[in-house]
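Me: Got a structure I'd like to talk through with you. Can you take a look?

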Amino acid sequence: MGLSPALAADPDVVSCALAPRHESVRTAREFTKLTLNRWELGGLFDDIALVASELVTNALRHALASVALPEQRTSPWGRRGERTAERQSPIGHQLDGGADAASPLIRLSLVRRSPQVVCAVSDPSANGPVAREADWVAESGRGLHLVDSFSQSWGWHPVSAGKVVWALFELPGGAVALPEGEERRHGTR
């Protein structure tokens, strides 16, 4: 997997450009898992992956509603997450800016700043997310309620090319995130 300039400059700020297709939700979860494992924060995976999935799904469903989402029958990962020699990692491809520039992009970003991790999804729509009254029999409509339940806080901000929806997570036990490559030292002054 190649490093984008942002990754090389600051390992605590990573992002993944996502194509406007339903398979991007899976790619977002895989990217989240790889990033949190690299940061040694795998214990946060379930909550952050659920929120990332919901935010990406909302971007696909609402922000890109006017864009036809092509179906992709085979995952670039192959069967059961195993990559074959002919297939490249969709995450590496996305990190290198491999998404079609003409397609409206969704971008998942993860930012580690002690004592928190921020999960943010940007999309080209200027319309902010609207939590609607949950219909507990419907198959959809509870995404922002889940985001609210699993994150410490969430919100959105307009940007020049659309908006960013973010969710904030506390590091477990008030742990301080160390920059990549640094080790925690005990008992030293």
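Me: How many residues does the hairpin use to join β2 to β3?
Reply: Two residues make the link between β2 and β3 in that hairpin. Keep in mind that this is a predicted model.

Me: OK, and do β2 and β3 pair in the parallel or the antiparallel sense?
Reply: Antiparallel, over seven bridges, with β2 covering residues 106-113 and β3 covering residues 116-123.

Me: Which residue in β3 is the bridge partner of serine 109?
Reply: That's alanine 120.

Me: What about β3 and β5, how many bridges there?
Reply: Eight bridges, again in the antiparallel sense, and β5 spans residues 162-170. As for a specific position, aspartate 123 stands opposite lysine 163 in β5.

Me: Switching to helices. At what angle do α3 and α5 pack?
Reply: About 150°, and their axes are 9 Å apart. Here α3 is residues 45-63 and α5 is residues 143-150. Because of that angle, α3 counts as roughly antiparallel to α5; the cut-off is over 145 degrees.

Me: Is the crossing of α3 and α5 left-handed or right-handed?
Reply: Left-handed.

Me: Which residues meet there?
Reply: From α3 you have Asp47, Leu50, Val51, Glu54, Leu55 and Asn58. On the α5 side they meet Gly143, Leu144, Leu146, Val147 and Phe150.

Me: And how do the residues of that contact divide into nonpolar, polar and charged?
Reply: Seven are nonpolar, two are polar and two are charged in the contact of α3 with α5.

Methods
Residues are numbered from 1 along each chain as its sequence is written. This is a predicted model: local features need pLDDT of at least 70, side-chain atom pairs count only at pLDDT 80 or more; totals for chains, interfaces and linings use all residues. Side-chain values use heavy atoms; hydrogens and water are left out. Axes are lines fitted to C-alpha atoms, for helices over the stretch in contact, and angles run from 0 to 180 degrees between N-to-C directions. Helices (H or I, at least four residues) and strands (E, at least two) are DSSP runs, numbered from the N terminus. Angles under 35 degrees count as roughly parallel, over 145 as roughly antiparallel, 65 to 115 as roughly perpendicular and the rest as oblique. A crossing is left-handed if the near helix is turned anticlockwise from the far one by less than a right angle, and right-handed if clockwise. Contact means heavy atoms within 4.5 Å. Ala, Val, Leu, Ile, Met, Phe, Trp, Tyr, Cys and Pro count as nonpolar, Asp, Glu, Lys and Arg as charged, and the others, Gly among them, as polar. Two strands pair if DSSP finds at least two bridges between them.
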